[in-house]
Amino acid sequence: MSGYLVPKAPLQVEEQIKGSRFITRIENVDTVDKARAFLKNLREQEPDATHHCWAYIVGNPQSTTLIGCSDDGEPSGTAGKPMLNVLQHSGVGDLIAVCTRYYGGTKLGTGGLARAYGGGVKLAVEQLQTEPKIERTSLKISTTYENSKDLEYELKQFDAVVDNIDYSSEVVYSVTLPADNKKTLIDNLTVRFGENLQWTSIA
């Protein structure tokens, strides 16, 4: 079954490095808007922090994904990129990591910063509880009233969830199902119902 791991629950870890506090938080976010909202809320809750550096991966980490990162005022390349690098090697998608720093008076240097920010995310990822997210797809299927019950039976066999039924000249089902099941379902329906069934992909 295709899919990928996502965070099961929010996580927070904290380290003290040469007087600075580094608080790393990981949150499940399945859209870029949710990632931005989490970051915005954190900035509002902790406005006195020196930096809120961040990195996110939205989608399947093994395929084309939406990614982003920011040093948030730290020297270029010392925070966001090390954090994102750890996330990209974690095998986990749909997550944002925010590392909040409260400066303690001692400069760490560029190498020290990269180790601190990347290390914070690594520590968090090692403790992160995950769960599988199955990739799903959507279909719109229309058939005759006579075939509707048989169609519903077939849909259940492939873990398809009926989101909506539209009763017009025909019965039109809007369904979502695991992406891996789509081809086999369509093949089975075509063999069984032939011209008495039509379908279109929604996503």
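**Notebook: salt bridges, cores and one buried aspartate**

**Entry 1: starting at Lys34**

I began with Lys34, which is partly exposed at a relative accessible area of 45%. My cut-offs are under 20% relative accessible area for buried and over 50% for exposed, with partly exposed in between, using a 1.4 Å probe and protein chains only. A note to myself on the source: this is a predicted model, where local features need pLDDT of at least 70 and side-chain atom pairs count only at pLDDT 80 or more, while totals for chains, interfaces and linings use all residues. Residues are numbered from 1 along each chain as its sequence is written, and side-chain values use heavy atoms, with hydrogens and water left out.

Which residue does Lys34 meet in a salt bridge? I found Asp30, with 2.9 Å from N to O. A salt bridge here is a side-chain nitrogen of Lys or Arg within 4 Å of a carboxyl oxygen of Asp or Glu. Asp30 is partly exposed as well, at 33%.

**Entry 2: other salt bridges**

I searched the whole structure and got 12 salt bridges. One of them links Glu14 and Arg21, whose closest N and O atoms are 2.8 Å apart. I see Glu14 as partly exposed at 40%, and Arg21 as partly exposed at 31%.

Next I looked at Glu44 and Lys40, whose side chains meet at 2.7 Å, N to O. They sit four residues apart in helix α1, so about one helical turn separates them. For secondary structure I use DSSP runs numbered from the N terminus: helices are H or I with at least four residues, and strands are E with at least two. Glu44 counts as exposed at 51%, whereas Lys40 is partly exposed at 49%. I also noted that salt bridges with shared partners join Asp150, Glu154 and Arg192 into one network.

**Entry 3: Asp71**

Then I turned to a charged residue without a salt bridge. Asp71 lies in the loop between β5 (66-70) and α2 (80-88). It is buried, and the nearest side chain of opposite charge, that of Lys81, is 7.2 Å away. For charge I count Lys and Arg as positive and Asp and Glu as negative, leaving out His and the chain ends.

What does the side chain of Asp71 reach? I found the backbone nitrogen of Gly80, at 2.8 Å. Beyond neighbours within four places in sequence, Asp71 is in contact (heavy atoms within 4.5 Å) with Cys53, Ser76, Gly77, Thr78, Ala79, Gly80 and Lys81.

Is each one buried or exposed? Asp33 is exposed at 58%, whereas Ala35 is buried at 1%. Setting aside residues up to four places away in sequence, Ala35 touches Val29, Tyr56 and Ile96. I also checked Ala35 against Gly68: they are 33 residues apart in sequence and 9.8 Å apart, C-alpha to C-alpha.

Arg101 belongs to strand β6 and counts as buried at 4%. Among the residues it touches, again leaving out those up to four places away, I listed Arg21, Phe22, His51, Glu74 and Tyr117.

**Entry 4: nonpolar cores**

My core search takes buried Ala, Val, Leu, Ile, Met, Phe, Trp, Tyr and Cys residues joined through side-chain atoms within 4.5 Å. The largest core has 23 residues, of which Met83, Leu87, Leu95 and Tyr117 touch the most other members. At least two residues each come from β2 (11-17), β3 (20-28), β4 (51-58), α2, β6 (95-102) and α3 (109-127). With five residues, α3 gives the most. I then found a second, separate core of 15 residues, including Leu139, Ile141, Val171 and Tyr173.

**Entry 5: the whole chain**

I counted five helices and 11 strands. The C-alpha atoms fill a box of roughly 75 × 30 × 25 Å along the principal axes. The radius of gyration is 23 Å, while a compact globule of 203 residues would have one near 17 Å. That value is taken over C-alpha atoms, and the globule rule is 2.2 Å times the number of residues to the power 0.38. Buried residues make up 44% of the 203.

Technical notes: Polar contact = N/O pair within 3.5 Å; in protein donor to acceptor, adjacent residues only side chain to side chain.
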